Each structure stands twice: as structure tokens, then as C-alpha cells.
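Colleague: I am new to this structure and would be grateful for a close look at a single part of it. Please take one residue and its setting, and describe them step by step.

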Amino acid sequence: MMHFADSLTFSGRKAVAAWAALPFPAFSGSSLPDTLSAHQQDVPWKLLSSWREQKVSCCFAQSVVLRGICKEKATSCPGQPRSPLHSCESPEQVLQQYLHTQFPGAFSTSHVLQQPCETRPPFPQFFSPLLTSRGFVRDKAQGSSSAAVESIPVLAALQSSPVLHSLLSGLCRELRARDARHCSSFFTAGVEQDDFQEALEELNTLSQCYETGFGADGSEDEADSD
């Protein structure tokens, strides 16, 4: 995983953020172009960090894997105009075109696998009753179902993006607000106070590598004056 993250980082960046859609929000019988065309304003995956909810508006590099979406014929829904995604010849091209549209200029790699994620017992059944046994969203007009979800389509992504500036700088501020000298067990493990302060400075420097003049975290950022 470390080498994989290294392939997505440059210009002093060392960390990537994990995102996922579990399950991937696809309606039963819809094609991948239909599904992604419905998410032109916001990508259908969420940040997995416990940090506050954020929308991703740009990134430097990313790797995205989508699995469990069958290769249905790309036909737009009634009343919905055909998009450039419907002109792509394969699911791989559809996903790559979507990524280039959402994140222009970013380095993007993508893979589409047919095998879904298995969710048979003992996998916890915490899914919405509106999902089919294959994990696709059913028409609400059909009501709910008590059938167990046996598999789901999943999208996972690793991104080097400006969101990490907020994540890392926020972590740095929280650590600086604590008096580490009161954590005796912390230093009995062999960590010196000077090493701790140096690590904080390195963390703050790393966070600055993800700064941009625009993006999702522009209004939230604060200069570290400590």
C-alpha cells in the first residue's frame, strides 16, 4: 500500500485519502453511463476519514476501482438526454471519461471489474431494504424487501487532493493543543519531547503541500500561528 500511495504523490506529498461508495448507487437494470450521468454535480463516493464531511472538487492524482457493475447496454433513461458518457465503448472508458470531466488535469487511473463484493453471512446486513439481493437500488414504487443482500457493487478510490490539507493541519492543531508532557505513557515508550515537536513541524509542512488557491477547503483553512 505504501508503494501504491507513492505512485499517486509528488511535490513533497506523502499521503492519500481513501474514498468509497458502499454500495455504489446504481439502479437495477441501469447502465454505468446512466448512473454516472446522474452524478455530474457531485461524485457518488464519500471520504472514509472521521474528519468532517467534505465535498471533493479537485485532486492532484487518483486511482479508482469500480466492481460489480454489469456491462448493460448504455441507453439513457427516458427524458434524459444522452451524455458523452453514452458514446464510450466500454465501462473502463466510461469511468475514465467521467474522472477526466470531474477532475480535469488530474492524473487518473481506473479499473472496472465485473465481480461484485460478496456480502453473504457473516457479513452484517446493515443495508437499506430498497436494495435488491445484488445490491442495486430498486424502484421505490415497488416497496421494500426483506431478502438478504448477497452482493453489492462497490467503488473505492485513493486520492491525493486538497482535502488532505484540512485533515493534516487539523490534526496538527489538535496535537499542539494538548500538553504531551502530561501523557507519561507516551514518553515512556521512548519518544522525546524534541522529537515530538519535530514531528509536529513535519506534519504541518506536509499539510502545506496540499494547499491550493481554490478547492473544497479554501474557506476552512487557518494559518498556523502557533
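Modeller: S108 counts as buried, because its relative accessibility is 9% and the cut-off for buried is under 20%. Please bear in mind that this is a predicted model.

As to its location, S108 belongs to strand β4, which covers residues 107–113. If residues up to four places away in sequence are left aside, S108 touches Q62, Q96 and L99. With Q62 there is also a polar contact: the side chains of S108 and Q62 are joined at 2.9 Å.

Strand β7 itself comprises residues 154–160 and is mostly covered, with six of its seven residues buried. Strand β7 has a further pairing, with strand β1 (residues 17–21), which is likewise antiparallel. Five bridges make up the pairing of β1 and β7, and in it A20 stands opposite A156.

Finally, a distance may be given from S108 to Q159. These two residues are 51 residues apart along the chain, and their C-alpha atoms are separated by 9.2 Å.

Methods:
Residues are numbered from 1 along each chain as its sequence is written. This is a predicted model: local features need pLDDT of at least 70, side-chain atom pairs count only at pLDDT 80 or more; totals for chains, interfaces and linings use all residues. Side-chain values use heavy atoms; hydrogens and water are left out. Buried means under 20% relative accessible area, exposed over 50%, partly exposed in between (1.4 Å probe, protein chains only). Helices (H or I, at least four residues) and strands (E, at least two) are DSSP runs, numbered from the N terminus. Two strands pair if DSSP finds at least two bridges between them. Contact means heavy atoms within 4.5 Å. A polar contact is a pair of N or O atoms within 3.5 Å; within protein, one must be able to donate a hydrogen and the other to accept it, and residues adjacent in sequence count only if both atoms are side-chain atoms.
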